[in-house]
Amino acid sequence: MDTALVWFRRDLRVHDNAALWHALNGARQVHCVFVFDADILDALPDRADRRVEFIHGSVAALKAALENRGGGLHVLAGSARRLIPRLARDLGVEAVYAARDYEPAAIERDSHVASELASAGRWLELVKDQVIFEAPEILTAQGKPYHVFTPYKRAWLAKVNSSHLSACPATEHLDHLVRPDTRAMPSLVDLGFCPTNLAELGIQPGEAGGRARWDEFQSRLDRYREIRDFPAVKGPSYLSVHLRFGTVSIRELVRFAFEKGGEGAETWLSELIWREFYQTLLASYPHTTRHAFQARFDALTWPNPPGHFEAWREAKTGYPIVDAAMRQLNQTGYMHNRLRMIAASFLVKDLHVDWRLGERNFAEKLIDYDLAANVGGWQWSAGVGTDAQPWFRIFNPVTQSEKFDPAGTFIRRYLPELTAVPDKFIHAPWTMAPAQQTACGVVIGRDYPPPLVDHAQARAATLALYRAVPGAAA
DNA sequence: TTTTGAGTTGTTCGA
DNA sequence: GTCGAACAACTCAAA
């Protein structure tokens, strides 16, 4: 092949990049492009969006990295479905290479681009990059996708070997990279967005940012299993945003987990397999973005009581662990995984709000937002997903708080108005007698909201609600 | 085809 | 405060 175009999307790195590697090996001249896709950006509700800033920084770093290697990056803004076929024509390339994306909107976009290219005698070459195994690669003996995680994980582990984890040696044909005529790139403001507090939050975009977090996490990996559930502690890898935008390589992470071994590495690898499980489920069942995996739950009418969703979103539920979690989300665009479960369970099973509203709220705010993982997580929390036994999975927000934030450290970090509340009452401040409230200067109803609902009552109502669904256990 | 073992992340109750 | 059992009998995946 003479010339090819690499279209970067959520694989914003040079190292171990499958699309780039295939293009460099398949064509003598390789152009590169990134498109700030108006079809996506125009739909964002807020002009200050950390994700756009993260992508912008990562694209700038990618461009510099390609230029350092003698190439470059076309950076365009507009509708990708129109711009990619046009650029392919202008550059006269034979093929466009890109990493395969499994989200329904991306599949639709790519098939549109593929047919546009085909009508001009070119083609779109989609390659695997963001997962170790795509949906069709891990199937049951009956040739169907797994619906339960543990058997999926067993099959995944039985199949994986070093050939799936080896890096793409992209350095081999770097002289094939073509330097574009124009080197300019639109600024964040040119794109219609404004800067956020990304740097202040310690989030560094690009491969360098991913590498720095990865290096830092390696020393904590051994303790991952014991500390990952405590939001006040630095337990997680914080690599989710880098996995979302491909500023780290999943192959490299999985390889390291195997080489390292031990409890921490095993637990973390399990989380990476969960990521693929949910990607698989979305690819196999795209309707689950809006519909319950267990179809009978689509018949469930969510009460959505007035004001409940808003109180949850604005961190005014009166349950400190939930409000602290929501403030973390609102202030930083991130929420600890344990808190995502607690907040989701609370919205659905205590406030009786449709899980889709919560899913959409997370979609707007999470910097590491991933459609597959978010939908999978929310359906799991709502008990309408692949999980089998919803009745027992009603989190008690006070018990969870006592268990995973025992000293109230995380709560006080995000709810400074509760600093003076004694440890004994930090998880349920409304249980303080009036004299105690006065003594510590936190009066419920004045300084902090009373609990929006009574958990025991809400739990009973949830059980009744789910029991009433046709086909559910009587 | 039928059977069998097993299932991320819990909670509540009563001894 | 701690512990084990009950929750209610479901669905999946493999033998």
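**Exercise 1.** How many bridges join strand S1 to strand S2, and in which sense do the two strands run?

*Solution.* In this predicted model, S1 and strand S2 (residues 29-37) run parallel and are joined by six bridges. Within this pairing, Phe 8 stands opposite Phe 34 in S2. Strand S4 (residues 95-99) also pairs with S1 in the parallel sense, over four bridges, and here Leu 5 stands opposite Val 96. Turning to burial, five of the six residues of S1 (residues 3-8) are buried, so the strand is largely enclosed by the rest of the structure.

**Exercise 2.** Work out what span helix H3 should have, and compare the result with the model.

*Solution.* Begin with the expected span, which is 1.5 Å times one less than the number of residues; for the 19 residues of H3 (residues 50-68) this gives 27 Å. The end C-alpha atoms of H3 are 27 Å apart, which agrees with the expectation. The helix is mostly covered, with 14 of its 19 residues buried, and it is followed by Gly 70, whose phi is positive, near 90°.

**Exercise 3.** Determine how helices H12 and H17 are oriented towards each other, and describe their contact.

*Solution.* The axes of H12 (residues 262-284) and H17 (residues 371-382) lie 8 Å apart, at an angle of about 90°. Angles of 65 to 115 degrees count as roughly perpendicular, and the two helices are therefore roughly perpendicular to each other. On the H12 side, the contact includes Arg 275, Tyr 278 and Leu 282, while residues of H17 that they meet include Leu 371 and Val 375.

Definitions and conventions: Residues are numbered from 1 along each chain as its sequence is written. Chains are lettered from A and ligands numbered from 1 in the order in which they are written. This is a predicted model: local features need pLDDT of at least 70, side-chain atom pairs count only at pLDDT 80 or more; totals for chains, interfaces and linings use all residues. A residue is buried if 20 or more other C-beta atoms lie within 10 Å of its own, exposed if 12 or fewer, and partly exposed in between; C-beta atoms are placed from the backbone. Axes are lines fitted to C-alpha atoms, for helices over the stretch in contact, and angles run from 0 to 180 degrees between N-to-C directions. Angles under 35 degrees count as roughly parallel, over 145 as roughly antiparallel, 65 to 115 as roughly perpendicular and the rest as oblique. Two residues are in contact if their C-beta atoms, placed from the backbone, lie within 7 Å. Two strands pair if DSSP finds at least two bridges between them.
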